[in-house]
Amino acid sequence: MAGRKRKADDDALDDNMSISPQNSPAIAPRNIARPSKKVRANEVTGRPLSLPRLLETLDAQSLRSVLQTICERHPDIGSEVVTSAPRPSVPAALNVLSQYQDRLRDAFPFGGDAGSDYAYNRVRQALTDLIDALIDFTPQYLPPIETQATVSLSFLDGATKVVHELPNWNSQSHRHHKDNAYDEISKAWALVISEASKKGGGFHLHSGGWDQTLAKHNQESGGRMQVAVNSLGTNLGWMGGNAGMGSGDPGSIRNQLLSGTYGTNLPVQVGLW
């Protein structure tokens with residue numbers, strides 16, 4: 001019995017050792033994670049914006065500053081910009097002057113005397129900037145640069161209103177700013193009137209109501225635009241009674257202009273100052 005038991009155990013052992021590996025349970029394959037591909041350093045890197053994208057980020061003031069700097073460094077580019085840029089329209093120019101006016105108003109001390117020396121010292125730079133802009137813009141709308149009298153007169157009308165709004169200083173030494181501005185704008189009116197009178201006898205000056213517009217400006221300025229008024233009377237004197245400016249009627253607009261009495265019965269417009 002003992003011999004048979006050992007033989008059975010040996011046979012079982014031999015059977016286990018004889019099992020082929022092919023008959024063993026299959027082992028599920030494992031997915032081996034491969035290391036991710038390294039990004040090369042030259043594929044993603046910082047770089048400046050392209051010119052079109054950079055220009056998209058600039059506001060108007062920044063763009064003007066950049067352009068002005070470039071033109072100052074390269075005068076040839078500046079000349080090209082001057083010749084290539086469209087001429088500014090009258091509303092555009094008057095809008096710029098309006099912005100200078102706003103800066104002048106903002107510079108005044110709050111609650112102070114607008115005509116005092118203290119106020120003058122506070123706003124002197126803003127006042128100078130406004131007057132310089134006015135002086136620079138005006139020749140752009142005068143003959144021979146501007147050939148359309150209506151365009152010239154439209155600008156001068158708006159520019160004269162700017163002069164009316166200049167502060168009235170208490171000190172005589174500070175009043176030269178406004179006096180000089182009236183003198184320059186009056187000469188500009190006279191030039192445009194003289195040139196316009198050569199085309200169609202200047203009839204459109206009266207038909208467009210510019211004679212009355214100038215008369216009102218002269219009245220509001222206190223007669224400081226008499227040079228322009230004299231030019232109007234000289235160049236439109238031929239129109240006589242047909243235009244309501246005849247020399248025979250003491251109450252005619254023409255005679256009132258020449259005598260400086262036009263508008264004396266009209267209420268004086270008071271500006272912000």
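**Inside the core**

Modeller: Of the contacts (heavy atoms within 4.5 Å) in the protein with a separation of 6 or more, 67% are between residues 24 or more positions apart. Bear in mind that this is a predicted model: local features need pLDDT of at least 70, side-chain atom pairs count only at pLDDT 80 or more, and totals for chains, interfaces and linings use all residues. Numbering starts from 1 along each chain as its sequence is written, and side-chain values use heavy atoms, leaving out hydrogens and water.

The protein has 12 helices and zero strands, both taken from DSSP runs (H or I of at least four residues for helices, E of at least two for strands) and numbered from the N terminus. Of its 273 residues, 32% are buried, meaning under 20% relative accessible area, with over 50% called exposed and anything in between partly exposed (1.4 Å probe, protein chains only).

Now for your core, a set of buried Ala, Val, Leu, Ile, Met, Phe, Trp, Tyr and Cys residues joined through side-chain atoms within 4.5 Å. It holds 42 residues, and the ones touching the most other members are Phe-155, Leu-156, Trp-189 and Leu-214. Helices 5, 6, 7, 8, 10 and 11 each supply at least two of the core's residues, and helix 6 gives the most, with nine. Zoom in on Trp-189: setting aside neighbours within four places in sequence, its contacts include Leu-153, Leu-156, Thr-160, Trp-210, Leu-214 and Ala-228.
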